Amino acid sequence: MSKLTHINAAGEAHMVDVSAKAETVREARAEAFVTMNSQTLEMIVTGQHHKGDVFATARIAGIQAAKRTWELIPLCHPLLLSHLEVKLEAQTAQSRVRIESVCRLSGKTGVEMEALTAASVAALTIYDMCKAVQKDMVIGPLRLLEKSGGKSGDFKVASYD
């Protein structure tokens, strides 16, 4: 098991110094789900939701959140993302929305937290917009699907669709 990089020799949390690291292209992909009643999902899909386009709002929220990850998570570096995408898909058979985010940059540190933040805030936005019609929606799971670039190499979950 690798050692924790955000803990110094004294056991204190600190921001990792990336100044000596090489710039590489780094990409991360994450997903989250919001499970709800079929009636709630139908309202979203048909555009009948009284608050407007739920998917468009969630997409913008996810993008904005990824760009501000460094302000939300204390030890993250501010990053200049070169690509950021948030995709939303209604999965009617499971009565849920699947959110997938992709973040990319050329830099000295990874973008896993930005991808996870984008997916989670998009999910929270769906919840916020739909809570008036359903309060018992479930958010999760949230997970990193894959990442590439950097010293730690590539990672990909065993399977995902």
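A contact here means that heavy atoms lie within 4.5 Å of each other. Among contacts in the chain between residues at least 6 apart in sequence, 70% join residues at least 24 apart. The model under discussion is predicted.

**Overall architecture**

The chain contains four helices and five strands, and from the N terminus its elements follow the order β-α-α-α-β-β-α-β-β. The C-alpha trace spans about 50 × 30 × 30 Å along its principal axes. Of the 161 residues, 36% count as buried. The accessible surface of the chain is about 9200 Å², and carbon and sulfur atoms account for 56% of this surface. The chain carries 19 positive and 18 negative charges, whose mean positions are 2 Å apart.

Strand 3 comprises residues 96–107; because nine of its 12 residues are buried, it is largely enclosed by the rest of the structure.

| Strand paired with strand 3 | Sense | Bridges | A bridge pair |
|---|---|---|---|
| Strand 1 (residues 24–35) | antiparallel | 12 | Ala30 and Ser101 |

Strand 2 and strand 3 form a hairpin with four residues between the strands. Ser95 is located in the loop that links them, and its phi is near 55°, a positive value in a residue other than glycine. Most residues other than glycine have a negative phi, and most peptide bonds are trans. Is Ser95 buried or exposed? With a relative accessibility of 13%, Ser95 falls under the 20% cut-off and therefore counts as buried.

**Helix 4**

Helix 4 covers residues 112–130 and has 19 residues. From its first C-alpha to its last it reaches 27 Å, close to the 27 Å expected at 1.5 Å a residue. Buried residues of helix 4 include Ala115, Ala118, Ala119, Ala122, Ala123, Ile126, Met129 and Cys130. An α-helix has 3.6 residues a turn, so residues three or four places apart point the same way. Glu114, Thr117 and Thr125 are also among the buried residues of helix 4.

Which peptide bond is cis, with omega near -5°? The bond in question runs from Gly140 to Pro141. Pro141 belongs to strand 4, which covers residues 138–148.

Key:
Residues numbered from 1 in each chain as written. Predicted model: local features only at pLDDT ≥ 70, side-chain atom pairs only at ≥ 80, totals over all residues. Heavy atoms only, no water. Buried < 20%, exposed > 50% of the residue type's maximum accessible area, 1.4 Å probe, protein only. Helix = DSSP H or I, 4+ residues; strand = E, 2+ residues; numbered from the N terminus. Pairing = 2+ DSSP bridges. Areas by Shrake-Rupley, 256 points an atom, 1.4 Å probe, with all protein chains shown as cover. Lys, Arg positive; Asp, Glu negative; His and termini not counted. Charge placed at Lys NZ, Arg CZ, Asp CG, Glu CD. Expected span 1.5 Å × (residues − 1).
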